[in-house]
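Try each task before reading its solution.

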Amino acid sequence: MSAVKALNPKAEVTKAAQALQLNITAARGLQEVMRTNLGPKGTMKMLVSGAGDIKLTKDGNVLLHEMQIQHPTASLIARVSTAQDDITGDGTTSNVLIIGELLKQADLYISEGLHPSIVTEGFDLAKERALKVLEEVKVSHELERDTLVNVARTSLRTKVGSHIADLLTEIIVDAVLTIKRPDTPLDLHMVEIMEMKHKTELDTRLVRGLVLDHGARHPDMVKKVDNAFVLTCNVSLEYEKSEVNAGIYYATAEERERMVKAERAFTDEKVQKIIALKKRVCEGTDRGFVVANQKGIDPISLDMLAKSGIFAVRRAKRRNMERLTLCCGGGAMNSVDDLTPDCLGFAGLVYEHTLGENKYTFIEEVKDPQSVTILIKGPNKHSIVQVKDAIHDGLRAVKNAIDDGCVVPGAGAFEVAVHNSLLSPAFLKNIKGRARLGVQAYAEAMMIIPKVLAQNSGFDPQEVTVKLQEEFAASRQLVGVDVSTGEVLIPANEGIWDNYCVKKQLLHSCTVIARSLLLVDEVMKAGMSSLKG
């Protein structure tokens, strides 16, 4: 009897081979769910929530987040894979596939009596070799726009259809290159993503400026301003009550009237200072004036601004206020006492767009935008969400390529190179004893990526794998799977590039989790909850 049973008779214990089989079955079960998603020809999954909401996706990260996974081992693998996405932005499906295949290949040897610790020893040696291969195959050169476009396209085509992916690719690369500044870390928060339920996904566009999800709150205010000065401020332009409970007594109606006027004058004075600045900079020119205020503007103040021809937006979100100064220039003002022309930004075009009951303010044609907006359009919620998830992944892919300063050939080329290197006599002769069986298992497991790419494209995986190995052995060039023809292609010539940091993270996380699961010889459900009742 298990020692745990003596302490807790209600404990559930799974031992030795049974425990290992439990883990391997869970990993392979999750692998079977995810394998059809891999690559540009991968299929979609439809997720239906308890409330009946439908989500169509082939993004592994979204699937693992949304699926309810009961099995503890499968849940562990899912958490590791989503962590991969949090760190690098991609590689979730590959993570699940490789962990499942490592356990499957190890099981072939363990079922014949090989001890799991010897297999894990081989895994560690193989991982070190695979990391060296990664360093050898990475392509380091000046990352020009064409290379970044290819990186983004490779990532996006695995998430959405090719026609949308090609449109988003250009948008994403232009957005990143617009906000990129030399010798400054890239901040993707400077790319605002705005949704608009309107037209189709193919009408999604890049706005080199800012889109606010609200408009002016006065019917007589101008709806379009050209060559506008932009004042960004955080000043209350509304009637305010005192912060302490004060009682004011008056004897006559005139006294009350004077008191109301004095209170109103306090706000009007601030509005007049803004109007005076507008007159000072716009007098005698055809330029407009726009006020974006983080705090409120009351109806009387709005009326005063409208009569002066000023376009005013109130209660703008704080994140938009920060981006506005980066976008248009100028500075964010917390007081109207020291307003000068230097604190104003510039926008060539500011206009209000009304869509049903929703209003949007577009601030475009700015001189040197350090912040941009990707405006997602779509006919319904699920297509907008799908495009939004793809844009997040595409932005991360381009950022990774810039940060790494290098890329890795895709289409399964890296995995073929690792497989060949691990099974080469030059490497195997340095490994003594049965640990080489673990290396062989690792090498075979890496081939799951090209196999599944071929299978999802409708070709025979064994035939494609043999072609790849023969071509690589003959030419020593990195070759991958052509998902259109099932033939061999050279990814570098076709512009198929993966992120270096994604591959590196994959090798580390997959090996660590697979070896940890292989070394489990007892699964105990003996937590506090099992003692109750």
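Angles between axes over 145 degrees count as roughly antiparallel, those under 35 as roughly parallel, those from 65 to 115 as roughly perpendicular, and the rest as oblique. Keep in mind that you're looking at a predicted model.

**Exercise 1. Work out how α6 and α19 are oriented, and what their contact is made of.**

Solution. 
- Step 1: get the geometry. Two packed helices are described by the angle between their axes and the distance between the axes. For helix α6 (residues 116–137) and α19, the axes come within 9 Å and cross at roughly 175 degrees.
- Step 2: apply the cut-off. Angles over 145 degrees count as roughly antiparallel, and so α6 and α19 are roughly antiparallel to each other.
- Step 3: list who touches whom. α6 brings Pro 116, Val 119, Thr 120, Phe 123, Asp 124, Lys 127, Ala 130, Leu 131, Leu 134 and Glu 135. On the α19 side you'll find Tyr 500, Lys 503, Lys 504, Leu 507, His 508, Thr 511, Ala 514, Arg 515 and Leu 518.
- Step 4: sort them by class. The contact of α6 with α19 has 10 nonpolar, 3 polar and 6 charged residues.

**Exercise 2. Classify the packing of α13 with α17, and give its handedness.**

Solution. 
- Step 1: helix α13 (residues 413–422) and helix α17 (residues 461–475) have axes that come within 10 Å and cross at roughly 70 degrees.
- Step 2: for the handedness, α13 passes α17 in a right-handed crossing.
- Step 3: the contact joins Val 416, Ala 417, His 419 and Asn 420 of α13 to Leu 468, Gln 469 and Phe 472 of α17. By class, that's 4 nonpolar, 3 polar and no charged residues.

**Exercise 3. Describe the largest cavity and say which element gives the most to its lining.**

Solution. 
- Step 1: searching the whole structure turns up 1 cavity of 30 Å³ or more. The largest cavity holds about 70 Å³ of space.
- Step 2: Lys 55, Leu 56, Thr 57, Lys 58, Asp 59, Lys 159, Val 385, Gln 386, Asp 389 and Ala 390 line the largest cavity.
- Step 3: β3 (54–57) and α12 (381–404) each supply at least two of the lining residues, and α12 gives the most, with 4 residues.
- Step 4: the lining of the largest cavity has 3 nonpolar, 2 polar and 5 charged residues.

**Exercise 4. Now the largest pocket: what is its volume, and what lines it?**

Solution. 
- Step 1: the largest pocket has a volume of about 910 Å³.
- Step 2: there are 43 lining residues, and the closest to the pocket's centre are Gly 39, Pro 40, Thr 154, Thr 158 and Ile 496.
- Step 3: α5 (92–110), α7 (145–156), α16 (448–456), β17 (497–499) and α19 (500–518) are the elements that give two or more residues to this lining. α7 gives the most, with 5 residues.
- Step 4: the lining of the largest pocket splits into 14 nonpolar, 16 polar and 13 charged residues.

Key:
Residues are numbered from 1 along each chain as its sequence is written. This is a predicted model: local features need pLDDT of at least 70, side-chain atom pairs count only at pLDDT 80 or more; totals for chains, interfaces and linings use all residues. Side-chain values use heavy atoms; hydrogens and water are left out. Axes are lines fitted to C-alpha atoms, for helices over the stretch in contact, and angles run from 0 to 180 degrees between N-to-C directions. A crossing is left-handed if the near helix is turned anticlockwise from the far one by less than a right angle, and right-handed if clockwise. Contact means heavy atoms within 4.5 Å. Ala, Val, Leu, Ile, Met, Phe, Trp, Tyr, Cys and Pro count as nonpolar, Asp, Glu, Lys and Arg as charged, and the others, Gly among them, as polar. On a 1 Å grid over the protein atoms alone, a cavity is a set of points where a 1.4 Å probe fits but cannot get out, and a pocket is an open set with protein on both sides within 12 Å along at least five of seven lines; lining residues have an atom within 4 Å of a point. Grid points are joined across faces, edges and corners, and a volume is the space filled by probe spheres set on the points.
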